[in-house]
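Subject: Handover of a structure and its pockets

Dear colleague,

Please find the structure below, together with its sequence.

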Amino acid sequence: MDVIKEFTLQKGRRMMFKSNENNRCKAICKWKKDLGCPWVVFAFKDVKDTCWKVKTFKNIHICEKTKRNRCANRKWLAPKLVRKLRHYPNLKYGEALAYFKRKCALKVPMQSLSMALSDARSKCRDSTKNV
């Protein structure tokens, strides 16, 4: 599921998970119902339960790209900010906003970014204490 989210965020598309179980996952374009967008991915765990395999992947969109994506939440943003903060410890909110706008073409919600930045800073502080 994380890989699908990452892919759709990088491509500027919105998706939703249609059916998910422990051994299978299906994601469709958010605009399937309204516009009939054919984008779909279906993955399942192999028999040995070691990895996921993509069974169906139709990478065709008829919908427009979007800069807003609900998948770009605190949980997704924080790990990326941890890596950035290790190189730039004094990273400011505006710089983080510009980074995601430039790198991912995303318009990140203000609240999600500020909470993610706080989480990332505390994670960086905790990792330096343990060293």
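In the lining of the second largest pocket, helix H3 (74–87) contributes the most, with 4 residues. Helices (H or I, at least four residues) and strands (E, at least two) are DSSP runs, numbered from the N terminus. A pocket is an open set of points on a 1 Å grid over the protein atoms alone, where a 1.4 Å probe fits, with protein on both sides within 12 Å along at least five of seven lines; lining residues have an atom within 4 Å of a point.

This is a predicted model, in which local features need pLDDT of at least 70 and side-chain atom pairs count only at pLDDT 80 or more, while totals for chains, interfaces and linings use all residues. Residues are numbered from 1 along each chain as its sequence is written, and side-chain values use heavy atoms, with hydrogens and water left out.

The lining of the second largest pocket includes Asp-2, Lys-5, Asn-73 and Trp-76. By class, 3 of its residues are nonpolar, 1 is polar and 5 are charged (Asp, Glu, Lys and Arg count as charged; Ala, Val, Leu, Ile, Met, Phe, Trp, Tyr, Cys and Pro as nonpolar; the others, Gly among them, as polar).

Asn-73 is located in the loop between E4 and H3. Asn-73 counts as partly exposed because its relative accessibility is 30%, between buried (under 20% relative accessible area) and exposed (over 50%), with a 1.4 Å probe and protein chains only.

The largest pocket has 13 lining residues, with Met-1, Val-3, Ile-4, Ala-43 and Val-54 nearest its centre.

Yours sincerely
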